[in-house]
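Notebook open, model loaded. I want to go through the side-chain pairings and jot down what turns up.

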Amino acid sequence: MKIAIVGATGKVGNKIIQVLQERNIVASDYYLYASSKSVGKKFKIFDKDYEVLELKEENIKDKDIDYALFSAGGTISKEFAPIFVKYGAIVIDNSSAFRREKEVPLVVPEVNPCDILLNKGIIANPNCSTIQAVLPLKVLDEKYKIKRIVYSTYQAVSGAGQKGYEDLKNGINGIEPKKFIYPIFSNVLPQIDDFLDNGYTKEEEKMVFETRKILHNENLKITATTVRVPVFDCHSESINVELEKPFDLEEVKKNFSKFTNIIVVDDISKNLYPMPITCVEKDEVFVGRIRRDFSVENGLNIWVVADNIRKGAATNAVQILQKVIEYKKLGKL
C-alpha cells in the first residue's frame, strides 16, 4: 500500500501525517507533495524521513499510489485529483472542489460510510463545521426525524489556515490583520467566506447543502449563521433542532452517548459543558447544553464542540481512508 499526502506542508497536511501514525496506518511508501518552494523539506513518518516532492504529473505517474489524501485547496484538487485517479489512486479530498458533484460521495464515516461504495475515484471530506454537526444530527434524525435545523457557529481562526491563526496572534499585539478584513482579536466576524446574492455566506450555504447531502434529505429545512471568533482551535456550534416526533430528554442523552465518537459533557450542576480548551487535539465530537426548546413542539437545543483541524479535517479524512481499506479487504470495493 502506498499513500500520498498532497499539501503535506500545511496545517491540515501536517495533522494528517500525525493522525496516520497515531492510527498505525503503515504503508510501504508515503509520498509527500507540495509546491516547488517546499521541495526537499523532510518529514518523519514511522521513524523514516520522507522528502517533499513538487506536485506535478511526472512525479505522480510512476509511483503506483493507492490512496491520495488532499489538503491543498480547491484549485489544486480540481487539477490534480483526476491525475491521481488516472494513475489508479483513490483520492480523499479536503477541499470544497467536489462536494457538490452528484457522483462524488461526501462522507463522515460514523454517519454515512456506505456512500464510500459509490465512489468513482474521489471521495470528498465535508466542511469542518458540517462534520461535527452531523454526528448528533444523525442520532436525532434516526430516532425522531428532523423537521428543521438552525445553525449558529462560533468558528476558530485555525479554520482560516495559518494566516488566520497568525492574525489572532498578531492582533493581540495590535498588528493589522492580513487574512481577515477586520481585526479578529477582541472581536467576532459574522462573515466566513464571501457573501452570496441572497445575503448568506458561502460557508453558510455549504452547511445547508452538505447536511442535506450527508443525511440524504434534499428537502430538509436548514438555516445557518456562521461566525469567526477569537479562538485559536476548535469550532463551537449552537444547534437548534425541531423534530417530527416527541422525545424524552434523558433518552436523547443516552442515544448520543451510545453513538460512535460522540462524548456527552452535560452536567449543569457542576457547570460541565464542552469548550474549545477541553476539546483541542481530540478526535471525538463533544455535545452538551442538551435541553428542550419550549418555543416549538418537539424542539431541542444542543451545544457541539470539536477540533476543526482533527475531526473537522485530518482525522475525518484518515477515517475515510480506514473505511476504504476495510471495504477493500471485505471485497466491497
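Which residue lies over the face of Tyr165? I looked it up: Lys11 does, at 4.1 Å from the ring centre. My cut-off for a charge over a ring is NZ of Lys or CZ of Arg within 6 Å of the ring centre and within 35 degrees of the ring normal. Arg100 also turned up, its charged end sitting over the ring of Phe209, 4.2 Å from the centre.

A note on the ground rules. This is a predicted model, so I take local features only at pLDDT of at least 70 and side-chain atom pairs only at pLDDT 80 or more, while totals for chains, interfaces and linings use all residues. Residues are numbered from 1 along each chain as its sequence is written, and side-chain values use heavy atoms, with hydrogens and water left out.

**Salt bridges**

I went to the charged pairs next. Side chains of opposite charge can pair when their charged atoms come close. The structure holds 23 salt bridges, counting a side-chain nitrogen of Lys or Arg within 4 Å of a carboxyl oxygen of Asp or Glu.

I looked at Glu210 and Arg99: their closest N and O atoms are 3.2 Å apart. Glu210 is in helix α5 (residues 202-214) and Arg99 in the loop between β6 (90-93) and β7 (122-124), so the bridge ties together parts 111 residues apart in sequence. Helices (H or I, at least four residues) and strands (E, at least two) are DSSP runs, numbered from the N terminus. Glu210 is buried at 1% relative accessibility, and Arg99 is buried at 5%. For me, buried is under 20% relative accessible area, exposed over 50%, and partly exposed in between (1.4 Å probe, protein chains only).

Then I checked Lys147 with Glu242, where the closest N and O atoms are 3.6 Å apart. That bridge links strand β8 (residues 146-155), which holds Lys147, to strand β10 (residues 235-243), which holds Glu242, 95 residues apart. Lys147 is partly exposed at 39%, whereas Glu242 is buried at 17%.

Lys253 and Asp266 come to 3.0 Å between their closest N and O atoms. Lys253 is in helix α6 (residues 249-258) and Asp266 in the loop between β11 (262-264) and α7 (276-279), 13 residues apart. Lys253 is buried, at 17% relative accessibility.

I also noted a network of salt bridges linking Lys15, Glu22, Arg23, Glu281, Asp283 and Arg310.

**Aromatic rings**

My search of the whole structure gives 7 aromatic pairs. Rings of Phe, Tyr and Trp (its six-membered ring) pair if their centres lie within 6.5 Å; planes under 30 degrees apart are stacked, over 60 edge-to-face, the rest tilted. I picked Phe70 and Phe84, which are edge-to-face, with centres 5.4 Å apart and 85 degrees between the planes. Phe70 lies in strand β5 (residues 67-70) and Phe84 in helix α2 (residues 74-86), so this pair ties together parts 14 residues apart in sequence. Both Phe70 and Phe84 are buried. Elsewhere on my list, Tyr30, Phe46 and Tyr50 form one aromatic cluster.

**Asn59**

Last entry. Asn59 sits in the loop between β4 (48-54) and β5, and at 17% relative accessibility Asn59 is buried. What does the side chain of Asn59 reach at 2.9 Å? I found the backbone oxygen of Glu54 there. Leaving out residues up to four places away in sequence, Asn59 touches Tyr33, Leu53 and Glu54, contact being heavy atoms within 4.5 Å.

Terms used
Polar contact = N/O pair within 3.5 Å; in protein donor to acceptor, adjacent residues only side chain to side chain.
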